[in-house]
Amino acid sequence: MMKRALEITSISAENIRLNKKPVKNAVVAIRVEHGYECSTKLAPDKGTNPKWNESLVVDLPLHAGFITLEVKCKCSSGKHKLVGGAIVPISDFAGEFGAPEGHVHFLSYRLRDASGVRTDGIINISAKMAIAALAHTYEVPRPEIGVPVGDPRRMMVAGGLVTGVPVWYAQPCRC
């Protein structure tokens, strides 16, 4: 399966609030596909403008159309509560034809709460694509095409097969 490496740097957030209160212990979670999620460390800054400056590298399948960014805060119970999220189209940083590999895109997105309502929060990231690579390299057996002909000792010279065009294609058209 072909995958691309995506490096996302969670730079900072602006005006992050939960129930109109400043957020403590904020993290950014990045989800590429259902079930696969990675997150930053807790932001050292407390308040409405946390800064992470933390890079995460994720495998991005070729079929992926978007990634999800979520700002969460760690509650006193130990669970993470969603502050806001953004759905980022892959085309925002991988869709430029002719852009050099490793080109860094600086992007900002408005966050939405769990109900999909737009908040005042903004997340600032940078994204960079790397070279496409094979996740697993394996050899696919090739089927033999043709019909074995002639002396087996002479067949080894040409691979032992004869290929050709079926007769009905070789005849001129009689329209």
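Colleague: Which strands form a hairpin with 5 residues between them?
Modeller: Strand 9 and strand 10 do. Gly 116 sits in the turn and has a positive phi of about 90 degrees. Strands here are DSSP runs of E, at least two residues long, and helices are runs of H or I, at least four; both are numbered from the N terminus.

Colleague: Before we go on, what kind of model is this?
Modeller: This is a predicted model: local features need pLDDT of at least 70, side-chain atom pairs count only at pLDDT 80 or more, and totals for chains, interfaces and linings use all residues. Residues are numbered from 1 along each chain as its sequence is written, and side-chain values use heavy atoms, with hydrogens and water left out.

Colleague: Which residue is the bridge partner of Leu 107?
Modeller: Ile 125, in strand 10.

Colleague: New topic. How many helices and strands are in the chain?
Modeller: The chain has 3 helices and 11 strands. From the N terminus, the order is β-β-β-β-β-β-β-β-α-β-β-β-α-α.

Colleague: What share of the residues is buried?
Modeller: 32% of the 175 residues. Buried means under 20% relative accessible area, exposed means over 50%, and partly exposed lies in between (1.4 Å probe, protein chains only).

Colleague: How many salt bridges turn up in the whole structure?
Modeller: The search finds 5. A salt bridge needs a side-chain nitrogen of Lys or Arg within 4 Å of a carboxyl oxygen of Asp or Glu.

Colleague: Why can such side chains pair?
Modeller: Side chains of opposite charge can pair when their charged atoms come close.

Colleague: Which residues are linked in a network of salt bridges?
Modeller: Arg 31, Glu 37, Glu 70 and Lys 72. Glu 37 meets Arg 31, with the closest N and O atoms 3.1 Å apart. Glu 37 also meets Lys 72, at 3.2 Å from N to O.

Colleague: Is Lys 72 buried or exposed?
Modeller: Lys 72 is buried, at 15% relative accessible area. Glu 70 is buried too, at 13%.

Colleague: And what about Glu 37?
Modeller: Glu 37 counts as partly exposed, at 38% relative accessibility. Arg 31 is partly exposed, at 25%.

Conventions. Two strands pair if DSSP finds at least two bridges between them.
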